[in-house]
Amino acid sequence: MTQAMTSALPGSRRLNPWVVVWLCFAVLSIVMSARQVVAIMTDDWTRTLGWSKTFISSGQSVALVMVAIVAPIAGNLADRYGARVMLTAGLLVVAAGLLLFASFPVAALYIVGYGLVGGVGFATANMHLISTAIAKLFTEQRGLATGIANSGATAGQFITVPLVTAGLAYVSWQWSIIAVALACVGMAVVIWVALKPGADAAAETRKAETLSQEPLWTRLRFLLTNPTFHILYWSFFICGVTTTGAIETHFLPYAAFCGFPPVPASGVYGGIMAINLAGMFLSGWLTDKVNRPLLLGSIYIVRSFSFLVLMHVGTSYEMLFVFAVIYGIFDYSTVPPTASLAASHLGLKIMGLAMGLISGGHALGGALGSFMGGYLFDLFARYTEMWWAAFATAVLAGLMVFFVKENRRQRGLILAPAE
């Protein structure tokens, strides 16, 4: 256990670091389930509330824009105050946004509750904060630990998406959302108690807060003039287009458009998440072993081919499962190599800010993809154009990443040469 661990996760000093990894896993499981409720309920809202898919997608886009705005701020605060405060706050804000909309299901409060308030929570209890905390906690097996912690984002969807879909079928969408919100509150209590700092950890945290730091503009200027940062940022922007935007928002509506019933379709989606879980573990392990730019670029390139499969699904369950396997392996598997490259090429000291900005780029890409999918469907009454756009952008992201040079020497102070 390292000194950096205290600043990353104050209060976790008495915990085995792998316990912290699994706590982060649980946080992401719940938060990503909350984010996914829109995709699950799109068709029901269209039928019962009379909302267009463009409007519903716009609510998702608002949430993602908020993530893009707030994620760098949350990352910067995480560098200073640690994960306990930020994760707890994020979970509670997500719960507040969901409860607001579920209690008063009108269009304006959907945008405010899920989009604005929920977006702040999604940005605060997010993979960029957890990736930063894990990077500061581990030196050996950093990639594997990052993969396991962030795989909670897929595990949560694998477990809870079918449950929420079943709740939608047997009770109501309001009660399903309320159940997710209560789960967020319960997890916030667990994090606050489990990561409570001891006296020595609190003292070290206060000492770290008094240390001189480069001004924010100095850190931003370093990042904005760094070619590796731009490659990681724009490739992750495209990652958002092809994952959050294309699949998380539009896969279930597309499956319904193809004629698949809701429960089997959500089961296939859960299968994607299960495969994704294995893909994250494998990607994290490979991140510690192989050339990371080659790994990351290859993930984007292979992911692109899954969209060619998807546009030819028709009514075939077999083709739907082929897509699930290809896409599932290469979905969230971008996170461990991206976080690892940020740690080594940009530096641990500003990793929260860097990953916050990169995560913000992912959210902006997701917002674009989410809105574009709904808009193109309303325009052409099909999803083909969306899948072609996802294919082309994924190829572009892979080619971009190949320009990063592998260098595992750890950068310390942001303006100092790599050690």
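Me: Which residues of helix H7 are buried?

Reply: This is a predicted model, in which local features need pLDDT of at least 70, side-chain atom pairs count only at pLDDT 80 or more, and totals for chains, interfaces and linings use all residues. Residues are numbered from 1 along each chain as its sequence is written, and side-chain values use heavy atoms, with hydrogens and water left out. Buried stands for under 20% relative accessible area, exposed for over 50%, and partly exposed for what lies in between (1.4 Å probe, protein chains only). For H7, the buried residues are Met127, His128, Leu129, Ile130, Ser131, Thr132, Ala133, Ile134, Ala135, Lys136 and Leu137.

Me: And how many residues of H7 is that, out of its total?

Reply: Helices here are DSSP runs of H or I with at least four residues (strands are runs of E with at least two), numbered from the N terminus. H7 spans residues 127-137 and is largely enclosed by the rest of the structure, because the buried count is eleven of the eleven.

Me: Which helix gives the most residues to the nonpolar patch?

Reply: Patches take residues with over 30% relative accessible area and no salt bridge, joining like charges within 9 Å and nonpolar side chains (Val, Leu, Ile, Met, Phe, Trp, Tyr) within 5 Å. This one covers about 980 Å², with Val65, Ile69, Trp192 and Leu364 among its residues; the areas are Shrake-Rupley values with a 1.4 Å probe, and for residues only the protein chains shown count as cover. H4 (53-81), H5 (83-103) and H10 (173-194) each supply at least two residues. With five residues, the top contributor is H4.

Me: What is the relative accessibility of Ile69?

Reply: Ile69 sits in helix H4 and is one of the residues of the nonpolar patch. Ile69 counts as partly exposed, its relative accessibility being 49%.

Me: What distance separates the C-alpha atoms of Val190 and Leu23?

Reply: Val190 lies in helix H10 and is partly exposed, with a relative accessible area of 39%. Along the chain, Val190 and Leu23 are 167 residues apart, yet the separation of their C-alpha atoms is 8.7 Å.

Me: At what angle do H8 and H17 pack?

Reply: Two packed helices are described by the angle between their axes and the distance between the axes. Axes are lines fitted to C-alpha atoms, for helices over the stretch in contact, with angles from 0 to 180 degrees between N-to-C directions. H8 (residues 142-150) and H17 (residues 335-346) have axes 9 Å apart, at an angle of about 130°.

Me: Which word describes H8 relative to H17, given an angle of about 130°?

Reply: Angles under 35 degrees count as roughly parallel, over 145 as roughly antiparallel, 65 to 115 as roughly perpendicular, and the rest as oblique. At about 130°, H8 is therefore oblique.

Me: Is the crossing of H8 and H14 left-handed or right-handed?

Reply: H8 and H14 (residues 262-287) pack at about 160°, with axes 6 Å apart, so they are roughly antiparallel. A crossing is left-handed if the near helix is turned anticlockwise from the far one by less than a right angle, and right-handed if clockwise. H8 passes H14 in a crossing that is right-handed.

Me: How far apart are the closest N and O atoms of Glu406 and Arg292?

Reply: A salt bridge needs a side-chain nitrogen of Lys or Arg within 4 Å of a carboxyl oxygen of Asp or Glu, and the whole structure has two. Glu406 lies in the segment after H19 (384-401) and Arg292 in H15 (residues 292-310), so this pair ties together parts 114 residues apart in sequence. Glu406 counts as partly exposed at 28% relative accessibility, and Arg292 as buried at 1%. Their closest N and O atoms are separated by 2.6 Å.

Me: Which residue forms a salt bridge with Glu385?

Reply: The closest N and O atoms of this pair are 2.4 Å apart.
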